[in-house]
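This report describes selected features of one protein structure. Please consult the sequence and the model alongside the text.

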Amino acid sequence: MRENGKRAPRRVVITGIGAVTPIGIGVNDFWSALLAGKSGIRHITSFDASNLPSQVAGEVHNFHVREFVRHGRKPPTARFSAFAVAAARLAVDHAKLPRNGGRVGVCIGSSVQGNADIGEGAFARFQELGWQSLGTGPSLEVAAHSASSYVQRELEVAGPLMTIASACCTGIDAIAWGTDQIRSGAADAAIVGAAEAPLSQFTFGLFSASGFLSTWGGPAAEASRPYDRQRTGLVLSEAAGVLVLEDFEHAESRGAEIFGEILGYASSAEEVTIRDPQDRYAIALQQTIISAVGRSQLQPRDIDYICAHGNSTKFDDEAEAAAHRRTFAEHAYSLAVSSIKSMIGQPFSAGGVLQVVAATLASYHNVVPPTINLTTPDPKCDLDYVPNKPRSARVNHALVHSHSLGGHVPGSHSALVIGASRHIR
């Protein structure tokens with residue numbers, strides 16, 4: 001396609017979705033659970049948490065990696081890589097992407113990588129039996145890049161290969177990488193996403209010591225409660241989300257179903273010279289959203305739905321609400337905003353890509369998933385958070401944003417705008 005004699009930028013569309021989550025495996029189960037307001041938060045079963053102040057998590061149950069690996073191949077040992085392979089297989093099958101589908105890039109991000117299972121297990125053996133007991137496997141399986149490598153091998157695709165680790169922004173940043181590969185012509189399609197399996201005694205100890213984790217004393221399913229006055233912190237979880245992105249013309253030529261379009265992306269660092277922590281957060285998020293919306297050739301008033309970071313901590317939720325009010329002004333009160341982390345918890349790198357999945361499906365089906373456990377709204381979080389029940393709504397443009405780090409380590413924000421598939425042609 002040419003505009004004014006110049007080749008127009010390649011349009012990037014979403015043709016496949018894979019999800020491995022505490023509320024369902026596969027796009028249909030995941031989406032149905034979101035609309036049902038199902039919580040995946042339970043008392044921890046994978047390790048003894050009795051001596052920890054937080055004893056709930058979002059665990060993935062009934063997961064068997066061999067169901068997603070070709071017969072005769074050895075599956076990944078690290079749980080995060082196993083999740084990545086499963087979510088990628090589900091996404092590729094969902095997209096009906098042919099094996100000879102041209103140049104296909106792969107980028108699976110992770111922040112905790114294989115530390116919680118492979119790393120901690122190897123360290124325990126090292127302390128007891130010495131380095132000779134470790135073998136060659138752990139040093140490779142623990143690495144963040146092993147997930148991308150396993151996905152590339154399992155799906156037998158050829159093209160750019162990358163791993164990104166930008167904490168909770170990783171999922172959105174991986175999607176942006178894949179979009180850039182397609183727009184630049186380096187790939188015709190990209191398999192992108194993130195995977196995390198951070199659940200262990202040591203990881204919980206680290207985040208408990210930092211004061212981030214929920215100490216909710218009620219039912220476990222109610223522990224993650226973004227924007228609610230009674231929230232006590234975030235709930236850690238494990239998950240993976242993967243998308244198949246394609247050049248629009250490539251997808252159209254093979255008759256692929258299109259679920260949404262990637263319109264614009266931006267990332268911004270928080271300015272350490274701004275002393276007030278909430279202002280530092282809100283200003284950076286505002287800049288990120290305005291940049292992402294502008295690069296989408298839109299105005300803030302064009303956004304219909306925000307699938308927000310909403311991690312259930314007092315600081316983040318309040319600062320996020322302040323940023324939304326700054327950015328959207330009066331339109332902030334016309335927006336639907338919700339946090340799927342009320343249902344799946346906080347799976348670090350995988351959170352952003354699963355938010356993109358939810359936002360894409362919201363635009364495809366014109367239904368917005370709820371924020372559950374919102375029973376006593378925080379007056380400082382005064383927007384429309386779609387409390388407890390899904391809502392039918394016309395979603396032409398959806399915004400997703402994530403926040404990484406913060407506190408004494410300078411944070412950053414990433415945002416992505418998705419256009420409804422019905423407007424592509």
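## A salt bridge at Glu246

Arg254 is partly exposed, with a relative accessible area of 24%; partly exposed denotes the range between buried, under 20% relative accessible area, and exposed, over 50% (1.4 Å probe, protein chains only). The side chain of Arg254 meets that of Glu246 in a salt bridge, with an N to O distance of 2.5 Å. A salt bridge is defined as a side-chain nitrogen of Lys or Arg within 4 Å of a carboxyl oxygen of Asp or Glu. Glu246 counts as buried because its relative accessibility is 0%.

Glu246 belongs to strand 10 (residues 239-247). Helices (H or I, at least four residues) and strands (E, at least two) are DSSP runs, numbered from the N terminus. Leaving out residues up to four places away in sequence, Glu246 touches several others, including Arg11, Leu97, Asp188 and Arg254; contact means heavy atoms within 4.5 Å.

## Basis of the model

The model is predicted, and local features need pLDDT of at least 70, side-chain atom pairs count only at pLDDT 80 or more, while totals for chains, interfaces and linings use all residues. Residues are numbered from 1 along each chain as its sequence is written, and side-chain values use heavy atoms, with hydrogens and water left out.

## Other salt bridges

The structure holds 19 salt bridges. One of them joins Arg73 to Glu154, whose closest N and O atoms are 3.7 Å apart. Arg73 lies in the loop between strand 6 (56-58) and helix 2 (79-95), and Glu154 in helix 5 (residues 145-155), so this pair ties together parts that are 81 residues apart in sequence. Arg73 is partly exposed at 24% relative accessible area, whereas Glu154 is buried at 2%.

Another salt bridge links the side chains of Asp384 and Arg391 (2.6 Å, N to O). Asp384 is partly exposed at 24% relative accessibility, and Arg391 is also partly exposed, at 30%. Through shared partners, salt bridges join Arg70, Arg73, Arg89, Asp93, Glu154 and Glu156 into one network.

## Nonpolar cores

In soluble globular proteins, nonpolar side chains tend to be buried together. A nonpolar core is a set of buried Ala, Val, Leu, Ile, Met, Phe, Trp, Tyr and Cys residues joined through side-chain atoms within 4.5 Å. The largest core here has 48 residues, of which Phe30, Ile175, Leu243, Leu245 and Tyr305 touch the most other members. Helix 12 (residues 349-365) supplies the largest share of this core, 9 residues. A second, separate core of 36 residues includes Phe63, Val69, Val85 and Val104.

Strand 17 (residues 409-420) is mostly covered, with 9 of its 12 residues buried. Ala266 stands opposite Ala415 in strand 17.

Leu399 is placed in strand 16 (residues 397-406) and is buried at 0% relative accessibility. Beyond its neighbours up to four places away in sequence, Leu399 touches Tyr305, Phe328 and Ala415, among others. The C-alpha atoms of Leu399 and Ile172 are 11 Å apart, although these residues are 227 apart in sequence.

Conventions
Two strands pair if DSSP finds at least two bridges between them.
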